[in-house]
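Please keep the sequence and the structure in view while reading.

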Amino acid sequence: MLGLIEASGLSRHAFALRIGLDDSKLSKSMSGARRFSSLDLTRIAEQCQVTVDWLITGEVSPLAVAARTTSGDARAAIDAAKRYSTVRTDIASLGYPQPWQPVTADLATGEYAEQGRRLAREASMRVSQAGRSVGDGGLVILTEEVFGVDVAVVELGTGFDGLAASSDGVKLILLASSHVPPRQRFTLAHELGHLLAGDDQEVHLDRDIFDTAQARDPSEKRANAFASAFLMPEGKLRDAVGSTGLSDGTFAALACELVVSPLALAYRLLYLRLIDAGTCDRYKLLTGSRAASMAGRGEEFAQRVTEASTPRPPGLLVRDTYAAYESGAATLRPYANLLGVDVDDLRLALESEHGTHDAL
């Protein structure tokens with residue numbers, strides 16, 4: 001602590017004032033006679049531009065290391081993931097841990113693709129038990145609420161699909177904003193597969209989830225098989241095909257309902273032997289927008305493009321950060337940083353809103 005005070009360029013008295021303590025309390029805390037409160041630690045971290053977790057453990061996160069050593073397209077993604085994981089770790093240390101809900105599946109036997117499909121069945125059961133459906137469309141919110149994963153959408157430009165970050169206290173998926181909703185949705189399911197499988201990858205980068213070279217990696221095969229089976233459940237597809245087969249209109253409507261690309265759906269149907277190779281070749285040439293037009297769901301498709309293109313911070317993290325502020329365990333700054341607004345403007349807005357209610 002003394003080193004941090006010296007590095008700040010402030011006297012002990014001035015430093016104590018900055019973090020809301022008097023000289024006596026600061027001296028007692030530094031000598032061990034008094035414990036720093038969670039709010040004290042938050043204020044010290046903000047003043048010294050370090051994390052609460054670092055103050056407590058002295059350890060640097062893998063994402064922080066990656067941010068220093070990575071360049072190019074992935075750097076912006078890792079920087080964003082580092083910010084979110086840092087807030088999550090700090091909020092957890094203040095009593096608001098991530099509500100991570102893993103699933104159990106046998107991943108010790110069978111080929112990697114079969115492991116992925118097995119994992120998808122267990123994940124689908126969890127979704128059903130929660131009274132939800134993958135076909136509802138809001139997969140980001142479903143992933144947060146059912147599995148307890150922090151999911152963020154960030155503007156990253158082209159050339160990067162997303163990443164998954166995993167540690168004892170952080171389960172984070174970061175997605176690139178996109179004008180192609182099915183691709184973003186498949187990326188989300190792919191990264192969820194990595195997290196649920198417990199892949200030993202503290203930071204897993206996916207510049208292109210459909211890259212053929214990457215797909216040869218066993219864990220990638222498993223994540224892709226998981227995403228395919230999770231987003232396009234076998235039972236749902238068999239019911240849609242029925243005894244009469246698929247018409248072009250039914251295929252287009254099914255792609256829209258599941259929010260998957262015609263290409264992915266065609267290959268999934270071929271794998272399940274619900275269509276032949278010739279039909280697969282014909283269907284996989286359709287674009288998502290064309291399928292939406294054929295199904296009369298162009299307006300819905302446009303709305304999904306808007307949603308997929310819009311950045312968002314992790315919903316669970318926003319909730320927990322505000323709860324920590326509301327309880328007095330944290331300052332307002334972490335919440336304001338997540339929202340991307342000035343902390344003083346936000347405080348004024350919150351106080352003004354309170355005054356408006358009092359006047360009614």
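## The second largest pocket

How many nonpolar, polar and charged residues does the lining of the second largest pocket have? In this predicted model, that lining divides by class into 10 nonpolar, 3 polar and 3 charged residues. The pocket has a volume of about 480 Å³, and 16 residues line it, with F186, N224, A225, S228 and Y267 lying nearest its centre.

Two or more lining residues come from each of the helices α8 (112-129), α11 (218-231) and α14 (262-271). Of the elements involved, α14 gives the most to the lining of this pocket, with 6 residues.

## Cavities

A search of the whole structure for cavities of 30 Å³ or more finds 2. The largest cavity holds about 120 Å³ of space, and among the 13 residues that line it, A255, C256, V259, G288 and F301 are the closest to its centre.

At least two residues of the lining of the largest cavity are supplied by each of α13 (248-258), α16 and α17 (298-309). By class, the lining of the largest cavity comprises 9 nonpolar, 1 polar and 3 charged residues.

## R290 in helix α16

Helix α16, which spans residues 288-294, contains R290. This arginine counts as partly exposed because its relative accessibility is 44%, a value that falls between the 20% limit for buried residues and the 50% limit for exposed ones.

Although R290 and A252 are 38 residues apart along the chain, their C-alpha atoms are separated by 8.3 Å.

## The four-stranded sheet

The model also has an open sheet of 4 strands, arranged in the order β1-β3-β2-β4 with mixed pairing. Its edge strands, each of which pairs on one side only, are β1 (150-154) and β4 (203-206), and from one strand to the next the twist averages 15°.

Strands β2 (residues 162-166) and β3 (residues 171-176) run antiparallel and are joined by 5 bridges. Within β3, L175 is the bridge partner of G162.

Helix α10 (residues 181-197) lies across β1, β2, β3 and β4, and its direction makes an angle of about 160° with that of β3.

Key: Residues are numbered from 1 along each chain as its sequence is written. This is a predicted model: local features need pLDDT of at least 70, side-chain atom pairs count only at pLDDT 80 or more; totals for chains, interfaces and linings use all residues. Side-chain values use heavy atoms; hydrogens and water are left out. On a 1 Å grid over the protein atoms alone, a cavity is a set of points where a 1.4 Å probe fits but cannot get out, and a pocket is an open set with protein on both sides within 12 Å along at least five of seven lines; lining residues have an atom within 4 Å of a point. Grid points are joined across faces, edges and corners, and a volume is the space filled by probe spheres set on the points. Ala, Val, Leu, Ile, Met, Phe, Trp, Tyr, Cys and Pro count as nonpolar, Asp, Glu, Lys and Arg as charged, and the others, Gly among them, as polar. Buried means under 20% relative accessible area, exposed over 50%, partly exposed in between (1.4 Å probe, protein chains only). Two strands pair if DSSP finds at least two bridges between them. Axes are lines fitted to C-alpha atoms, for helices over the stretch in contact, and angles run from 0 to 180 degrees between N-to-C directions. Contact means heavy atoms within 4.5 Å.
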